[in-house]
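Let's take a friendly walk through this protein together. Have the structure open as you read, and follow each stop along the way.

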Amino acid sequence: MRPEGNDHQDGFDGPWWRYPVLRNALMAGALAGAGFVLAHLGLISSQIEGLCYLLAIPLGGYHWGREAVEALVRERVVGIDLLMLAATVGSGILGLWDEAAFLVFLYGSAEGLEEYTYARTRSAIRALLDLAPKEAHVLRNGEELTIPAERLQVGDHFLIRPGEGLPTDGIIRSGSSSLDESPITGESLPVDKGLGMKVFAGSLNRQGLLEVEATAPFQDNTLAKIIHLVEEAQERKGAAQQWIERFGRRYSPAVLLVALGFLIVPYLLGLPLADWAMRAVVLLVAAAPCALVMSTPVATAAAIGTAGKRGILIKGGAHLEHLGRIRAVAFDKTGTLTYGRPVVTDLIPFTGSEEELLALAAGMEYGSEHPLARAIVERARAAEIVPVEVRTFHALMGAGATAVVGDQSWYVGSPDLFQQLGVDLTTIEGHVRALQAEGKTVVLVGNQHTLRGLFALQDRIREGVREVIAGLHTMGVRVVMLTGDNARTARSVAQALGIDSYLADLKPEDKVRAVHDLEARYGAVLMVGDGVNDAPALAAATCGVAMGAAGTDAAIEAADVALMADDLSKVGEALRLGAKARQISMENIVFSLVLLAVLIPLAVGGFLSVAVAVLVHEVSELLAVANGLRVGWPAARVSTSE
């Protein structure tokens, strides 16, 4: 059993048979097995056979025996290792040296395999760091120098050629390319990157020469942060694991006391001591709750490690448990279900051509930083339309803008602005309302006497979101949208995506109340947002998920789960992983309790030998470990409604 404070949790990349704990146990088994076989073939004496056992026991039992004594002396904890140590000593006192060696070999092997599993799990996530090159091509004083990546400093400019990986995070200062960011975001498709865009350590440059300015040292890049967060999360325990550990701290001393009672009571009553001593030794082995204690941590570590490699950072066992019992998912709208950037969907000239209308509007909006203005300017740029020259541009707060074109003042803005200007909108009123009913924002262009045309703009829904919502419905999860946008826009988006219900015009505190109401109505609630603006709601939910957290410390800190990419399909993937981990943990717990219920009466009744008890005990522990590792297998898909 892997105790707290185990010092063999670091990564290990070698073959399993070279892992120190497992290697020593196997050597002990080979030594004891050789002595047993050779003695029974008459090739060596019984004294040599006994010597083989005496050498095998400390060789295979030193690791966990030392930990048992340290836990007792330093922490006053009676653990499973101490039960096994007592059983080994008891077998030796009874003259059962072959049984003692067999116990040491099997228990040591199980311990070694278990710790090797943890080491490999940690090494698998640490292997991501190898994707970042160990050297960087830095530009210094106009010359290209190759230096160790560890010496990169913030502000350094370095070159990335096609086929090379990025040694650290940065911003592109020259060039454009397509980058494979799968180690960071879990996104399988390459992402196009250009001037001024963020890039992350471990990304692979597919094509094009890039000059990048470093924004983080090698030791503190996004890839290193992911590895650190995953390793920390694997050590954080969920409620089930904490309960099992509390149970073990009380249960193991009780088993030891009962075993001592098997020695003291028969002695006081004058009963045959040898028979009861044997039962005490068997009880120590049979009642040790190894499989129970291993029921959740392996599944938790495997699930969190697997998720980390898929761009899903789950920040502890408790949050993994929460993912396994979610009944409702609440999505923020802007920037989560949508891109958060409006685009022109309709362009309707009333007089003149579309090109003339676009040139006029783009000219007036060119100096504005408003998102709607930026969208109109981008539409003109995409159509290669040259904006008209304007004078005396002036923004009208909350309404639009005005500017002088030639010798006439023109306006661009909301229908309310033109009503205030006295422009008759009767002929277009029906058209405007129809567009607004679709959740679009209408912008008019004209002067105080006439209208030149209108633009309809809308925030685009992210690709694949409808399929994500449908997948959540298949899993038996209710989907709700919480937004600060107006009810008309919210209704349009909800209907387009097949969302069950929505709440609009919400302030941050309103979203918190909405989350609490959803929990009262449906049970565990998952809140998905940007991790910064939605921080109160993320904190209020059973589990909060921040999207697009790559390179954003605030987003990672704000949520229980961080999706490194803006990929909502990861929400369903996280829920399935949580449900699978929960199911496998429950399977292990039930299996372990049933096993103890069977073995303990058999041990007390004297129906088991030490060898049989050890064999069943260690096989059950390995089965619990193997079952826990199934969480990392990608094939199974588990419904959260189970």
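Which residues make a nonpolar surface patch of about 1,000 Å²? In this predicted model, the patch is made by Leu257, Leu260, Leu263, Ile264, Val265, Tyr267, Leu268, Leu269, Leu271 and Leu273. Helix H7, which covers residues 239-269, gives the most to this nonpolar patch, with 8 residues. One of the patch residues, Leu269, has its place in helix H7. Leu269 counts as exposed because its relative accessibility is 61%, and the cut-off for exposed is over 50%.

Now for the wider view. The protein chain has 642 residues, of which 50% count as buried. Its secondary structure comes to 23 helices and 22 strands. Take the contacts between residues at least 6 apart in sequence: 68% of them join residues at least 24 apart. The chain exposes about 28,500 Å², and carbon and sulfur atoms supply 58% of that area.

Is H13 largely enclosed or open? It is largely enclosed by the rest of the structure, because 9 of its 12 residues are buried. The buried residues of H13 are Leu357, Leu358, Ala359, Leu360, Ala361, Ala362, Gly363, Met364 and Glu365. The length of H13 (residues 354-365) agrees with expectation too: at 1.5 Å a residue, the helix should span 16 Å, and its end C-alpha atoms are 16 Å apart.

Next come two backbone angles. Most residues other than glycine have a negative phi. Glu384, although not a glycine, has a positive phi of about 60°. Glu384 is found in the loop between helix H14 (371-382) and strand E13 (391-396). Thr392 is not a glycine either, and has a positive phi of about 45°; its place is in strand E13. Both residues are exposed, as the table shows.

| Residue | Phi | Relative accessible area |
|---|---|---|
| Glu384 | about 60° | 73% |
| Thr392 | about 45° | 56% |

Finally, the cysteines. How many disulfides does the model have? The count comes to 0 disulfides, with the rule asking for a pair of cysteine sulfur atoms within 2.5 Å. Cys52 counts as buried because its relative accessibility is 13%, and the cut-off for buried is under 20%. Cys543 also counts as buried, at 0% relative accessibility.

Terms used. Residues numbered from 1 in each chain as written. Predicted model: local features only at pLDDT ≥ 70, side-chain atom pairs only at ≥ 80, totals over all residues. Heavy atoms only, no water. Buried < 20%, exposed > 50% of the residue type's maximum accessible area, 1.4 Å probe, protein only. Patch = residues over 30% accessible without salt bridge, like charges linked within 9 Å, V, L, I, M, F, W, Y side chains within 5 Å. Areas by Shrake-Rupley, 256 points an atom, 1.4 Å probe, with all protein chains shown as cover. Salt bridge = Lys/Arg side-chain N within 4 Å of Asp/Glu carboxyl O. Helix = DSSP H or I, 4+ residues; strand = E, 2+ residues; numbered from the N terminus. Contact = heavy atoms within 4.5 Å. Expected span 1.5 Å × (residues − 1).
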